[in-house]
Every structure is written in structure tokens, then in C-alpha cells.
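Notebook open, structure loaded. I'm jotting down what I looked up, in the order I got to it.

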Amino acid sequence: MIIRPAKAGDLREIMDFYAMMCAELGKQDFLPEGNKGGFPPIDMVVSAIDNSELFVGEEGGQIMAAYILNNDADPAYSTVSWQITVPSEQASVLHALRVHPGFGGKGYASQLVEHAIHVAKEKNQRAVRLDCIEGNTVPHRMYQHHGFKYIDTVEKYSLQGTTQGRYLTGGVP
């Protein structure tokens, strides 16, 4: 897998990729409401591309993995006692890390996490933080393997007014 910064010309393929991943994740038991769709939203993706914050994984010229790394934290992050206290501009937040299911089991998600940690270090960040939906145990284990620690579980409200547990983890690059 080649990991590279996303380009403006990748937008349609990235949005198609994330739409497919939302549909796939919607089939899982930890998402009882089904396909959540819409995450990440197009404005988040466009901003991340414009700011060199979105990275894609390619194999054979096909985008089959992606993630966003920036300093934009959900408001719930401010309610958590993190392992290390740093200003928000010194804490990278890992968003929307996904690998196409057809490429699963090859260690690509781990490669993306290692890449994100490397990018955070290059930007002199003091922490990397993320959240996962409660019950999504595969990424929980993978993140812990990379040194992330469970910090807290908080409720998050969706646009539909429903709540979901969010499993928050933090790590230091």
C-alpha cells in the first residue's frame, strides 16, 4: 500500500469510498441503527484535502484506505481527563480511519496508524487522540497495540437525536 496526501482530484473517489464504508459499517451489530452514512461529511473531506490533513492508501491505483489527522476535536473531548494535558493545537485527532474490507487482514490499518503517528511527530504534536464507537472491538485492540490507552466512554448525540457511546483513547507520539 502506498500512503500519500489526498489531492483535490481524488474527492469523488474518496467520497465514494467513505460512502461504501458507511454502508459496510452499518451492517455491524455495534451500529444498531444501521447505515449511519455521511461521515465524514463532504465539507470535512474538502477542508482536510485543502489543508493536507487527509491521507489515502492506494493499491493498484485504487484508493482503498483513508484517514484524516487534524486538531479538530468533538466537543465531548473537552469533558475527558486525558492522559496528557495539552492545548488543542498540540493534540492531533485521528478521524475516519477506514480500510476497504476487500483489503482487510493485511495490516493496512496498522500502517495508517503508524503513518498518522509519524505525521503528528513531524508536526511537533504532543498527543494523538481518537474515538471509536463503543463495541467496535477490532479497532480498539489495534489502537491499543499501537500504544493508545482507553481513557473514557462518553455519550455523543447524532443529528437524529440518538446517543452512542464513544470509546476515547489517547496516545503520545
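Cut-offs before anything else: I call a residue buried under 20% relative accessible area, exposed over 50%, and partly exposed in between (1.4 Å probe, protein chains only). On that scale Ile68 is buried, with a relative accessible area of 0%.

**Ground rules.** This is a predicted model, so local features need pLDDT of at least 70 and side-chain atom pairs count only at pLDDT 80 or more, while totals for chains, interfaces and linings use all residues. Residues are numbered from 1 along each chain as its sequence is written, and side-chain values use heavy atoms, with hydrogens and water left out.

**Overview.** I got four helices and seven strands; these are DSSP runs numbered from the N terminus, with helices as H or I of at least four residues and strands as E of at least two. The order along the sequence reads β-α-α-β-β-β-α-β-α-β-β. The protein has 173 residues, and 46% of them count as buried. Accessible surface comes to about 8900 Å², with 51% of that belonging to carbon and sulfur atoms; the method is Shrake-Rupley with a 1.4 Å probe, and for residues only the protein chains shown count as cover. For contacts I take heavy atoms within 4.5 Å. Among contacts with a separation of 6 or more, 68% are between residues 24 or more positions apart.

**Back to Ile68.** Ile68 lies in strand E3. Which residues does Ile68 contact once neighbours within four places in sequence are left aside? I find Pro40, Met44, Ala48, Glu53, Leu54, Val93, Leu94 and His95. I also checked the Ile68 to Leu94 distance: they sit 26 residues apart in sequence and 5.9 Å apart in space, C-alpha to C-alpha.

**The cores.** A nonpolar core here is a set of buried Ala, Val, Leu, Ile, Met, Phe, Trp, Tyr and Cys residues joined through side-chain atoms within 4.5 Å. The largest one has 22 residues, and Tyr67, Leu94 and Tyr143 touch the most other members. E3, E4, H3, E5 and H4 each supply at least two residues of this core. H3 gives the most, with seven. There is also a second, separate core of 16 residues, which includes Ala6, Leu54, Ala66 and Ala96. I listed the contacts of Leu94, not counting residues up to four places away in sequence: Tyr67, Ile68, Leu69, Ala116, Arg129, Leu130 and Tyr143.

**Helix H3.** I tested the length of H3 (residues 108-122): at 1.5 Å a residue, its 15 residues should span 21 Å, and the end C-alpha atoms are 21 Å apart, which agrees. The expected span uses 1.5 Å times one less than the number of residues. The buried residues of H3 are Tyr108, Ser110, Leu112, Val113, His115, Ala116, Ile117, Val119 and Ala120. What covers these? The cover includes strands E1 (2-5), E2 (54-59), E3 (62-70), E4 (91-99) and E5 (127-133), plus helix H4 (137-145).

**Strands E4 and E5.** E4 and E5 pair in the parallel sense over four bridges; pairing requires at least two DSSP bridges between the strands. Val93 has Arg129 of E5 as its bridge partner. Six of the seven residues of E5 are buried, so E5 is largely enclosed by the rest of the structure.

**His95.** His95 is in strand E4 and is buried, at 11% relative accessible area. What does its side chain reach? It makes a polar contact with the side chain of Asn70 at 2.9 Å. A polar contact is a pair of N or O atoms within 3.5 Å; within protein, one must be able to donate a hydrogen and the other to accept it, and residues adjacent in sequence count only if both atoms are side-chain atoms. The backbone oxygen of Asp72 also lies 2.9 Å from a polar atom of the His95 side chain.

Most residues other than glycine have a negative phi. Ser52 has phi near 55°; I found it in the loop between helix H2 (42-50) and E2, partly exposed at 43%. Ala96, in strand E4, has phi near 50° and counts as buried at 7% relative accessibility. Just after H3, Asn124 takes a positive phi of about 60°.
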